[in-house]
Every structure is written in C-alpha cells, then in structure tokens.
Amino acid sequence: MTSAVDERRAHTGSFTPHEKALVYGHARRWFPELVGAATAFDALPVLDHETSRPWFGRPVDEARYFSSSGTSGEPKRIPWLPSEDAWYVGQKQELFGPWLGGCRRGFISLAVGHNAGSAHLVFEHLGLDVHDAGLSDVTEQCAAVLSFEPDVLYCSPSILIGIVDAMERTGQRPTSVRRVITNGEVLYPAIRARFQRFFGLAADDVMDTYGSTEVGTLAFSCPRCSDYHFLDGLYPEAVLPARLPPDVRPPGAGHDVLAISSLKRTSVPIVRFLTYDVLAGLRRTVCGTSERFSFQRVVGRCDDVVNYGELFSVYELADLIGGALPGARWYVFSPCNDLSVVIEGAEPDGFREELARRYPLHAKLIDLGLVPAPVLRFVERFDEFMERAGLVVGARRKDVRRILTCPLDERWLAGLAADA
Ligand SMILES: [Zn+2]
C-alpha cells in the first residue's frame, strides 16, 4: 500500500511545480494523444512495457532506427531524429570535454548500437585522434591499445573485461591510459576496481555513463563526488509502488524503481517512462554549486530482463527455449553481467547452433573473444535443482523471478545436469 511518506517523496518532494509544468508542457506539445484529458503532470500515466509499445511502433519521418535488445520490453526498433542525435552528441561532448582535458587519443570499443554509432563523432568533435575497434577480434583490439597508445578508452564493461582478460593472459599492460569511460551494462564496483588496478587509475579517472537506447544517456558517475548525476533536461522520479505494473515486484526499502521524463526526445514519449531499473539513493544533491538529481548506484532491475553484451535479452531466450522445449522451466543466473542458464530437460540437438544463428551479432562477439559464451546447463530433475537452489515458486505469478543475481552454485547441479 502507498504510504503518505511515499507520496511526498515521489511527487511533492521530487519535482517542483515549475518542473512538473515543464514536463507536462513538453508532453502536451509533442504527444497530445498521450496526455488526453490529463490537465497536469500528476495525472499523466506512467509508461510501462505495454503502454509504451504503440508509441515505438509509429513511423517517424527522417529518423534513424536502432534495435533495443529489450530494456523496455520486447525488442523493438527505436527512432532517433537528427535533432535528437545532435542533442545527444552535444551533451556527451559537454560531459566529457572538461574531464578529458589534455587527452589526445581515444580508443573506442562499443560493438554496435546507437551509442557506438555516435561515440566516434563525440571524440572527433573534442579534437581527439580516434581508433574505433568496431567488430575486430580481441587480439587485434589489445594490439591497437598498445600501439595506438590511447589516453582514453571508451568501452562497454563486458568488452573491456574481455580486453583486460586477454592482456593479463599475455602479460601485456598499456601505460598510456589515463581515463576510462564505460557505457552499456551496469559497471559493478568490483569491475570498476579491476579496471582501476589494471590501468593504474584513481577512482575519478573512471566515468561510467548510464543510459538506454530509448532515452539516450541518463546519468554519469561524477568524478567530483561518488554519486551518479542525471543529465540536464531529464526528470527522474521514484515510481510509487501502487503505480507499478502488476508483474513488477516493488523493490525493498531504500531502493526505487525509476521513471524518467526527457524534454529532449520528440520522436517517442519519454514521459514518466518506466525504465524498470532499480536505483539506490535517488534524491536531489548539491555538487559544486549546482543542484542535481542524483543516485548512488544501479542495484538491478525489477522485471525479467537481462541484457548480455547488449545483444540479446531474456525475451529472446524465452522464445528460443519455448520453441525447442515447450513448457520447460528455466532460470538465468547473472550476478555480474554474465550469463548462466539452467534449463529443464535434455539438450535438444542443435540448440547452441540455433542460439548462434538467431543472434549472429552476439555469436560474432563470442567468436571474436570479446564476451564469453553463455553457460547453458540442462537439468532433468528440475524440482531437485530448484529445491537445492532454494527457488520457491510462489502462488502468485509475480513472485516468480527468472533472473537471479546470485552466482550459479555447482553443488545445485551435482548429479542432475543432463550434460554431466
Ligand atoms: Zn558530483
């Protein structure tokens, strides 16, 4: 049930009347059908997977389209207009520019997607010489980091882990790197610490940017304080438990589910847009001389989506498993941007080949040594596995989670795995 404290924190406490008027005015100007009869911000709907879907299906003149791997529901094509792109690039330049002062060379490895497409442009506008690794194999990428001698690396965490792993295996260690920017999956503290150790960097030499293909960049880890700050033009709010969709489990105390409003997106309504991300410490802070919307960290998600190397989602995995083993139960263990899947039944012939065939880009990144292959385990006595793992299926569907953030313990599988 919604408490009075929740009400104050999420609504009155979060946005000023002026900010509410800005978001409402933006929604009314660009998306009148969404606003409908709502006469003020508080009456606008929260856009979830279901209610946002029709908006993403509309054709948009002059837009370029990028694929979302499922951060806002079923994978879909996301439009970006040239004006929205210009804002996105400008914003990143503003963010990185002062912090990269003195840097001359930048190395990019972000695979594909909206962010990867614009990263080159952002660095070039900042006057850097750029090496964009694109889809080259991990050995080539390591060689490029050593010979190009970049001052700054701009990589997704999963790919940078692949590069650091490969360099450690061969005893290589670049000495030119002074800054690391990450974008893509969540940058977990242990991974951040590993990058700092390997490249010999201080905490404020690593900047994590957090965003999605739908919204663009949402926030960045501040080199001055340890918080993440939302970018200007974005209005984050904690969604009240009562306004969450029925299949979402409300997060625990001190954690909030994020909805975001953006005044910069005009091709799709990012208006009270539910990201399904769970944040710790969402609040206003003062950093330097400016007041910012901030949070401490991304804790996880409150729906059954995991993105792996940004390339396929659990929606797609469910489709594949459902087709090969109808009715099979399965769980995903993803403690740290990695992926172990335990599936009920015997492994169907050609399952792994079908996985690679359906997600060729993901398969390519594995072949290139940039991300590890997902671990797939087939289990005949699934009830026994669930009991050992402490997986209790509740009476109500919303209590059942497929995505677990704990590691897969081999003891749960001992003697049960069909492939053992
Ligand atoms: Zn700060």
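In the predicted model, arginine 272 is found in the loop that links β11 (255–262) to β12 (273–280). The backbone of arginine 272 adopts a positive phi of about 50 degrees, although this residue is not a glycine. Arginine 272 has 23 C-beta neighbours inside 10 Å and therefore counts as buried, the threshold being 20 or more. A positive phi of about 70 degrees is also found at glutamate 62, again a residue that is not a glycine. Glutamate 62 lies in the loop between α4 (49–56) and β1 (64–68). Because glutamate 62 has 10 C-beta neighbours inside 10 Å, this residue counts as exposed, the limit for that class being 12 or fewer.

The protein chain as a whole contains 13 helices and 19 strands. Of its 420 residues, 39% count as buried. Among the contacts between residues at least 6 apart in sequence, 68% join residues at least 24 apart. The average pLDDT of the chain is 87, and 90% of the residues score at least 70. Residues 1–13 form a stretch in which pLDDT stays under 50. For this stretch the model has 13 contacts beyond four places in sequence. Where pLDDT is low, the predicted coordinates should not be read in detail.

An open sheet of 9 strands has the order β4-β3-β5-β6-β7-β8-β9-β14-β13, and its pairing is mixed. Its edges are formed by β4 (129–132) and β13 (283–287), each of which pairs on one side only. On average, neighbouring strands of this sheet are turned by 30 degrees against each other, direction ignored. Strands of a sheet pair through backbone hydrogen bonds, either parallel or antiparallel. The parallel sense is illustrated by β6 and β7 (residues 206–212), which pair over 4 bridges. Within this part of the sheet, threonine 182 stands opposite aspartate 208 in β7. Helix α7 (residues 138–148) lies across β3 (105–109) and β4, and runs at about 175 degrees to β3.

The loop between α8 (157–169) and β6 (179–183) contains serine 176. With 17 other C-beta atoms within 10 Å, serine 176 is partly exposed. Leaving aside neighbours within four places in sequence, serine 176 is in contact with Glu149, Pro150 and Asp151. The C-alpha atoms of serine 176 and valine 152 are separated by 8.3 Å, although these residues are 24 apart along the chain.

Strand β10 (residues 234–238) pairs with β11 in the antiparallel sense over 5 bridges. Glutamate 237 stands opposite alanine 259 in β11. In a regular strand the side chains alternate between the two faces of the sheet. In β10, Leu234, Pro236 and Ala238 point one way, whereas Tyr235 and Glu237 point the other way. Residues pointing in both directions are buried. Because 5 of the 5 residues of β10 are buried, this strand is largely enclosed by the rest of the structure.

In soluble globular proteins, nonpolar side chains tend to be buried together. The largest nonpolar core of the model comprises 76 residues. Leu153, Tyr154, Leu160, Leu218, Val257, Ile260 and Phe273 touch the most other members of this core. Leucine 160 touches Leu153, Cys155, Thr182 and Phe195, not counting residues up to four places away in sequence. A second, separate core of 17 residues includes Leu317, Trp330, Tyr331 and Val341.

Leu317 also belongs to helix α10 (residues 314–324), in which Val314, Leu317 and Ile321 are buried. These three residues lie on the same side of α10, because they cover an arc of only 55 degrees around the axis. An α-helix has 3.6 residues a turn, so residues three or four places apart point the same way. On the other side of α10, Gly322 and Gly323 are exposed.

Key: Residues numbered from 1 in each chain as written. Predicted model: local features only at pLDDT ≥ 70, side-chain atom pairs only at ≥ 80, totals over all residues. Core = buried A, V, L, I, M, F, W, Y, C linked by C-beta atoms within 7 Å. Contact = placed C-beta atoms within 7 Å. pLDDT = per-residue confidence, 0-100. Helix = DSSP H or I, 4+ residues; strand = E, 2+ residues; numbered from the N terminus. Arc of directions from axis to C-beta. Pairing = 2+ DSSP bridges. Axes fitted to C-alpha atoms, helices over the stretch in contact; angles between N-to-C directions.
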